[in-house]
Amino acid sequence: MKVFKIIYYVFLVAIALVAVLLIWSALPIKNGPKVFIVQSGSMEPAIRTGSIVVVKSVGEYKVGDVITFGPYNKTKTPTTHRLVEIKDGNYITKGDANNAPDQRVIRKSDIVGKVLLDVPYVGYAVAAAKTPAGFTAIIIIPAAIIVYDEVRKIWGEVKNLRKKKDDTA
């Protein structure tokens, strides 16, 4: 039963993390950290497909930094690649798994920020939670289980109190 409790609490923490990431990535904080889901294997093995990356704008970028760049909106996702060369104020990037540098030259204004942290596989859960079925499976069902468990505990306490009251009467 103790193993079940540990799994239960780990699951709760994971659900809370996914919820926080969903909320955090939706907030329009200027120059604040942004959360993105890595959707390709171009940076493997350093950053795996399905990872989330936390990206923050910094003043200066140097060769070797992993940066996220490009437009991002509901239809376009930015790219996360390693900065391999700075030439005339422009940036040349390359995915670690790619054979050649990217064809597109990146301007500083195109850069969303430097990758500060990546968490493998959590992006799959975040992406799933953004769909109606995924939201139900990842947020609503576990929340219902938690509520059910708490109601069961309260009901058990009420029964114990009634039993104590009956025993003393």
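A: Strands β4 and β5 form a hairpin, with two residues between them. Asp88 sits in that turn and has a positive phi of about 55 degrees. This is a predicted model, in which local features need pLDDT of at least 70, side-chain atom pairs count only at pLDDT 80 or more, and totals for chains, interfaces and linings use all residues. Residues are numbered from 1 along each chain as its sequence is written, and side-chain values use heavy atoms, with hydrogens and water left out.

Some terms come first. Strands are DSSP runs of E with at least two residues, helices are runs of H or I with at least four, and both are numbered from the N terminus. Two strands pair if DSSP finds at least two bridges between them.

Now the hairpin itself. β4 covers residues 79-87, and β5 covers residues 90-94. The two run antiparallel, joined by five bridges. Lys87 stands opposite Asn90 in β5. Asp88 lies in the loop between β4 and β5.

Most residues other than glycine have a negative phi, and most peptide bonds are trans. Is Asp88 buried or exposed? Asp88 counts as exposed, at 74% relative accessibility. The cut-offs are these: buried means under 20% relative accessible area, exposed means over 50%, and partly exposed is in between (1.4 Å probe, protein chains only).

Tyr121 lies in the loop between β6 (111-119) and α2 (122-129). With a relative accessible area of 49%, Tyr121 is partly exposed. The other detail is a cis peptide bond from Glu44 to Pro45, with omega near 5 degrees. Pro45 is found in the loop between β1 (34-37) and β2 (52-56).

Back to β4, and its other partner. β4 is also joined to β3 (residues 66-69), by four bridges, and these strands run antiparallel. Thr68 stands opposite Thr80 in β4.

Thr68 and Thr80 turn up again around Val115. Val115 is found in strand β6. Leaving aside neighbours within four places in sequence, Val115 is in contact (heavy atoms within 4.5 Å) with Thr68 and Thr80, and also with Ile47, Val53, Val54, Val55 and Val66. Val115 is buried, with a relative accessible area of 14%. Phe36 is 79 residues from Val115 along the chain, and their C-alpha atoms are separated by 9.9 Å.

Now step back to the whole chain. There are three helices and six strands. Along the sequence, the pattern is α-β-β-β-β-β-β-α-α. The radius of gyration is 23 Å, well over the 15 Å that the globule rule gives for 169 residues, so the chain is more spread out than a compact globule. That radius is taken over C-alpha atoms, and the rule is 2.2 Å times the number of residues to the power 0.38. The C-alpha atoms fill a box of roughly 90 × 30 × 25 Å, taken along the principal axes. Buried residues make up 30% of the 169 residues. Among contacts between residues at least 6 apart in sequence, 55% join residues at least 24 apart.
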